[in-house]
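Colleague: Could you take me through how the packing of helices is read from a model such as this one? I would like the general idea at each step, and then the case at hand.

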Amino acid sequence: MRAAGGGAAGRKEVTALWMWLLLMATACGFVFLLLNLPDHRSRSGPGEPPAQPNPSFVLVKLQIGDVTKLNVLPDEIEGHADEIAAEEDERISRSPPSTKEKIWMMQDQLIMARAYLQFASSHGSAHLIRELKMRMKEIERAISHSSGASRLSGSVLQKMKAMELALSKTQRAYPHCSHISSKLRAMIYNSEELVRAHQSESSFLEQVAVRTLPKGHHCLAMRLTSEYFSLDPKEREFPKRSSMLMDDFHHYAIFSDNVLASAVVINSTIAASKDPKRIVFHIVTDSLSFPAMTMWFLTNPPSPATIHIKSLDELKWLPADFSSRFKQKGIRDPRYTSALNHLRFYLPEVFPSLSKVLLLDHDVVVQKDLSRFWELDMKSKVNGALETCSSGKGYHQLDNLVNFSDPSIINKFEAKACIFAFGMNIFDLKEWRSKGLSATYDKWFQAGKRRRLWKAGSLPVGQLVFYNQTVPLDHRWHVLGLGRNSNTRRDEIESAAVIHYSGNLKPWLEISIPKYRDYWNRYLNYDNTYLQQCNIHR
């Protein structure tokens, strides 16, 4: 529906429409003039610019056309109205500009005819009402047959003229413009309420889809867990454990409870690496996911790299309430309430023997060798990350994430400071320890519990912890937004070292953006027995 997809432009059209309605209420002859415009509306003379459809009618059409149509559809086909409207719009979009204008004019005529039919009293002219209904059917058939056509036939133009005459008669029979204006206002209000309801429902269903793991993933976790507990305890260990903490290896950390997402990160990293034997992966997961995660990598070892998997329960030094302390009233999105997301602020404690670690979120795909990060000059900073600010986009600035009305914030931070991204970050753990940033995080976290200082999630508080402690990376290292932005260019994606499905539309969900799925799918072997048994396919 055009009404639902207008966005900011739709709001401007609503404003213009209200102004038009107010003018119409004070000038009763306005509708009559619109309905009786001569044929030169659609035919320009020599040297004249091509005529445009009446903007007032177009505004009405864009805002209430489809919604009004829903009100008069028979009950048995009402559920298909959105699909029909979408197909009709697609066909119209393929028509030449002159044909599209004529089709839009016919749609405008239908809107006015419906408005008059709703306004007409039961004791009005039966002949006139029958004629109007007949002309409406003719126009509806004409629109259906003309959508996608290169030009309109003469019979269609005749039907348009006949409808114009019928509307003119109706306007003379019902000249009360103020009543028509009230009716149109009511129709606009109903359409806006319907759009708001659809938007609210769409947002709710999207959040449900985001929080709900696909059925196949549940099946996979159950099968892996069952087989893990059937193993002898000695068979549950990974090889090469002696190399886990050697600082001459390249250590990658992944904090996740998603088996397949973690598998894609690891498979893609190995595929892109020039020396995968030097790679050590460290996965930290929750106790519920630990058996499934371990079983997957026991049966699908990331050779020649090394892997080590820990449960949060093994980190005994964490606060006793760590797994539950991030839950907030009214916030259910696991991206904001997950303890694994906040574990990143304790990296030096998780890896006490390491001096540098590369942290990858589980919704990334690695496309190029990342070993150069271990040679990066961090300039005595702690965090190497992509800065996301760009000219004129305020949501990339700190004041969009943090409450600058609080004195403890405004006195220590710059509101227009550029924010950095999580997803792919190289951390110098020696600098981190020397600057005591884990304690800084604890201080800000406790302050945030007492009063609202930032938006939900780990990103806002991360901006405070690593403020003035971040080295900006070249944008080609990390491309964001494949989970929300369908306009990212293909060349930008394919030249990136890491692509990040940040946003709600994760690649393992059915609601993901189709054209970006293959970048993720190529790193899973869908012939795997577990995936076949759980009906997980591309």
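Predicted model: local features only at pLDDT ≥ 70, side-chain atom pairs only at ≥ 80, totals over all residues.

Colleague: How many helices and strands does the protein chain have, and what share of its residues count as buried?

Modeller: Helices (H or I, at least four residues) and strands (E, at least two) are DSSP runs, numbered from the N terminus, and the protein chain has 21 helices and 10 strands. Buried means under 20% relative accessible area, exposed over 50% and partly exposed in between, with a 1.4 Å probe and protein chains only; by that rule 49% of the 538 residues are buried. With contact taken as heavy atoms within 4.5 Å, residues 24 or more positions apart account for 76% of the contacts that have a separation of 6 or more.

Colleague: At what angle do H9 and H11 pack?

Modeller: Two packed helices are described by the angle between their axes and the distance between the axes. The axes are lines fitted to C-alpha atoms, for helices over the stretch in contact, and angles run from 0 to 180 degrees between N-to-C directions. Helix H9 (residues 215-230) and helix H11 (residues 290-299) pack at about 80°, with their axes 8 Å apart. H9 and H11 are therefore roughly perpendicular, since angles of 65 to 115 degrees carry that name, those under 35 count as roughly parallel, those over 145 as roughly antiparallel and the rest as oblique. Among the residues that meet are Leu 220, Leu 224 and Tyr 228 in H9 and Phe 290, Met 295 and Trp 296 in H11. The contact of H9 with H11 has 10 nonpolar, 2 polar and 1 charged residues, where Ala, Val, Leu, Ile, Met, Phe, Trp, Tyr, Cys and Pro count as nonpolar, Asp, Glu, Lys and Arg as charged, and the others, Gly among them, as polar.

Colleague: In which hand does H10 pass H11?

Modeller: A crossing is left-handed if the near helix is turned anticlockwise from the far one by less than a right angle, and right-handed if clockwise. H10 passes H11 in a right-handed crossing; the axes of H10 (residues 259-272) and H11 come within 10 Å and cross at roughly 40°, which makes H10 oblique to H11. Val 259, Leu 260, Ser 262, Ala 263 and Ile 266 in H10 meet Ala 292, Met 293, Trp 296 and Phe 297 in H11, and these divide into 8 nonpolar, 1 polar and no charged residues.

Colleague: Is H18 mostly covered or mostly open, and what covers its buried residues?

Modeller: H18 is mostly covered, with 7 of its 8 residues buried, and the cover includes helix H13 (339-342), helix H15 (407-410) and H17. The axes of H17 (residues 437-450) and H18 (residues 458-465) come within 10 Å and cross at roughly 125°, which makes H17 oblique to H18. Leu 437, Thr 440, Tyr 441 and Trp 444 of H17 make the contact with Val 461, Leu 464 and Val 465 of H18.

Colleague: Is Lys 215 buried or exposed?

Modeller: Lys 215, which lies in helix H9, counts as exposed because its relative accessibility is 74%. Lys 215 and Asn 535 are 320 residues apart in sequence, yet 9.0 Å apart in space, C-alpha to C-alpha.

How values were computed:
Residues numbered from 1 in each chain as written. Heavy atoms only, no water.
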